[in-house]
Amino acid sequence: EVLANARPAGAATGAQAIEELMARPAPAVTTDERTRDTFSGEVEEWTFDNGVVVSFQQTTITEGSFSVWLESSGGWSALDDPDSALADAAIDAVLSSGVGPYDTATVERFLESRDISLFAEIDEAEESLFAGAATSDAEDLFALLHLTMTEPRVDDVALRSVSRGASTLLQTAET
């Protein structure tokens, strides 16, 4: 859908210095809390009024950092055949284009002093975002996740790069 609706966002104008990716939104209200047992121990689960369900498990694997795995049903199997082959290209285009009003250079400059990582994947039956951060960078990571989901960009340079890569793969597959 991203590639089909892509409109060039213009060329990067140089990295701006920004203090935050977005203003803090109003908090969601918890509508249900429970504990459930899993194969790896107890998990706290919270349901919010916006439909989000959060499962949380404290570990002692690494101190001062955390990881997030966001997943929804769908995946490339829900797409028409020619579009399903573009799932990885769509991810590459979005993740290399910045978010919201900020181009790639501005987002990279903002993140350079933070310990944040973000990866995405579209599988056959689900879409996932995987992210991690130092606990001190949690708010910035959640802002990046929010903007990636609600205000993704596809800039002209990223679209051309991904399109060239997809064309090369198609030509290779045909030979």
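Visitor: How many helices and strands does the chain have?
Guide: Five helices and six strands. This is a predicted model.

Visitor: In what order do the elements run from the N terminus?
Guide: The order is β-β-β-β-α-α-α-β-β-α-α.

Visitor: And what share of the residues is buried?
Guide: Of 175 residues, 28% count as buried. The chain exposes about 11,600 Å². Carbon and sulfur atoms supply 52% of that area.

Visitor: On to the cores. Which residues touch the most other members of the largest nonpolar core?
Guide: Leu 21, Leu 141, Leu 144 and Leu 145. That core holds 18 residues.

Visitor: Which elements give it two or more residues?
Guide: α3 (104-111), β5 (116-122), β6 (126-134) and α4 do. The largest share, five residues, comes from α4.

Visitor: What is Leu 141 in contact with, leaving aside neighbours within four places in sequence?
Guide: Phe 66, Val 68, Ile 116, Ser 117, Ala 131, Gly 132 and Ala 133.

Visitor: What about a second core, which residues does it include?
Guide: It is separate and has six residues. Among them are Ala 89, Ala 93, Val 94 and Val 162.

Visitor: Back to α4. Which of its residues are buried?
Guide: Ala 138, Asp 140, Leu 141, Ala 143, Leu 144, Leu 145, Leu 147 and Thr 148.

Visitor: What covers them?
Guide: The cover includes β4, α2 (87-95), α3, β5 and β6.

Visitor: What span should α4 have?
Guide: Its 13 residues should span 18 Å at 1.5 Å a residue. The end C-alpha atoms of α4 are 18 Å apart, so the two agree.

Visitor: New topic, aromatics. How many pairs are there in the whole structure?
Guide: A search finds three. One of them joins Phe 66 and Phe 142.

Visitor: Is that pair stacked or edge-to-face, and why?
Guide: Stacked, because the ring planes are at 20 degrees and the cut-off for stacking is under 30. The ring centres are 5.9 Å apart.

Visitor: How exposed are they, Phe 66 and Phe 142?
Guide: Phe 66 is partly exposed, at 23% relative accessibility. Phe 142 is partly exposed too, with a relative accessible area of 44%.

Visitor: Last one. What sits over the ring of Phe 110?
Guide: The charged end of Arg 114, 3.8 Å from the ring centre.

Key: Residues are numbered from 1 along each chain as its sequence is written. This is a predicted model: local features need pLDDT of at least 70, side-chain atom pairs count only at pLDDT 80 or more; totals for chains, interfaces and linings use all residues. Side-chain values use heavy atoms; hydrogens and water are left out. Rings of Phe, Tyr and Trp (its six-membered ring) pair if their centres lie within 6.5 Å; planes under 30 degrees apart count as stacked, over 60 as edge-to-face and the rest as tilted. Buried means under 20% relative accessible area, exposed over 50%, partly exposed in between (1.4 Å probe, protein chains only). A charge sits over a ring if NZ of Lys or CZ of Arg is within 6 Å of the ring centre and within 35 degrees of the ring normal. A nonpolar core is a set of buried Ala, Val, Leu, Ile, Met, Phe, Trp, Tyr and Cys residues joined through side-chain atoms within 4.5 Å. Helices (H or I, at least four residues) and strands (E, at least two) are DSSP runs, numbered from the N terminus. Contact means heavy atoms within 4.5 Å. The expected span of a helix is 1.5 Å times one less than its number of residues. Accessible areas come from the Shrake-Rupley method with a 1.4 Å probe; for residues, only the protein chains shown count as cover.
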